[in-house]
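Biologist: Hi! Could you walk me through the charged pairs in this one?
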Amino acid sequence: RPRGVGASCCLFDAVMLSLCLLPSWCSYSIAQFPTTRSNTLQHLAPTPSYLRRSGVIVALTEQEERVSKAMELTPAEALAESARSRGLALQLDDGTRKSHSMAENTAFVTGFFKGISTRPAFAQLVASLYFVYEAMESAFDKATDPSVKALDYPELRRVPALEDDMAYYFGVDWQSTVRPTAATKEYCDRIRSIAVDEPPLLVAHMYTRYLGDLFGGQMMGGMARSSLKLDDALGTRFYEFDEIPRAKPFIEQWYARLNDLELDAGAKQRIVDEANLVFAFNIKLFDELQGGKRAVLRTMWGLAKGAVVSRVGKIFRRS
């Protein structure tokens, strides 16, 4: 594998895996040096691979290492005061983390970058998400199951924002011209099926989609705007939760209510299994997007370069 390919991928692996419908925190660091021998920038500890561009060295770990670390949720003992450390919340976090192979997680990351590599690809992704959320939220509206009703917060609803995004990409007549893709239809059919046959499984769709959106929505929207040069405040409304100013306390509250659901052990395990199925459905959505490897790598490199320039600029402004 060419060094540039692996390095550019792994810069955002840890970031994007937090958005892969797995609510785990992750981070990355960048070591930067000017072309001169100035010591104005502090040397960070070197990592296994490096990517040289325009006199700046970006310190990066190998892609596999980043994937592995990103998938490690904070240990339960470190979350003793958090609802995530017990009950169904812990079971979902732990059950989804352990079931996903490195290949599956890498496919999700690559798929997201494919989605923001071109405007048509991102428009298709937005359309798929619209149909998915329309199916989800219609099911929530009709649901009488107490588990679903307990976790259906109005602040989380995404369909109105997605309708704005659809009009931006497809025009005012989008409802009569845009149709779901095959993978999107399969995903939506699953939602409608369980809404009738086993409504508590809808909790898995809430968990995987809404919490993933909240954990990483702002960053995902920013990446899309930067990569596609979108108009300000247009085309990424989906990623904006105007009624949730602070995501972490809200998510903690959601986890606490999740743990209060009256479900037996079998029902809880079926919810975990459904959450893993949702992960697979989302990879299928990405697989349908247009965009080859060159477009994906070009997008990742552009974002990586922008991150480095921004970081260097902040350092010099402080000096």
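Modeller: Happy to; we'll go through the salt bridges and where their residues sit. Keep in mind that this is a predicted model.

Biologist: Thanks! How many salt bridges are in the whole structure?
Modeller: Searching the whole structure turns up 13 salt bridges.

Biologist: Let's start with Arg-84. Which side chain does Arg-84 meet in a salt bridge?
Modeller: Its partner is Asp-93, with an N to O distance of 3.0 Å.

Biologist: And are Arg-84 and Asp-93 buried or exposed?
Modeller: Both Arg-84 and Asp-93 are buried.

Biologist: How accessible are Lys-185 and Asp-189?
Modeller: Lys-185 has a relative accessible area of 49%, so it is partly exposed. Asp-189 is partly exposed too, at 35%.

Biologist: Nice. What about Asp-213 and Arg-209, how far apart are their closest N and O atoms?
Modeller: Those atoms are 2.8 Å apart in the salt bridge. Asp-213 and Arg-209 are four residues apart in helix α10 (residues 202-228), which means a separation of about one helical turn.

Biologist: Is that pair buried or exposed?
Modeller: Buried: Asp-213 has 3% relative accessibility, and Arg-209 has 7%. The cut-off for buried is under 20% relative accessible area.

Biologist: Last one: which residues are linked in a network of salt bridges?
Modeller: Asp-164, Arg-237, Glu-240 and Asp-242 are linked that way.

Conventions. Residues numbered from 1 in each chain as written. Predicted model: local features only at pLDDT ≥ 70, side-chain atom pairs only at ≥ 80, totals over all residues. Heavy atoms only, no water. Salt bridge = Lys/Arg side-chain N within 4 Å of Asp/Glu carboxyl O. Buried < 20%, exposed > 50% of the residue type's maximum accessible area, 1.4 Å probe, protein only. Helix = DSSP H or I, 4+ residues; strand = E, 2+ residues; numbered from the N terminus.
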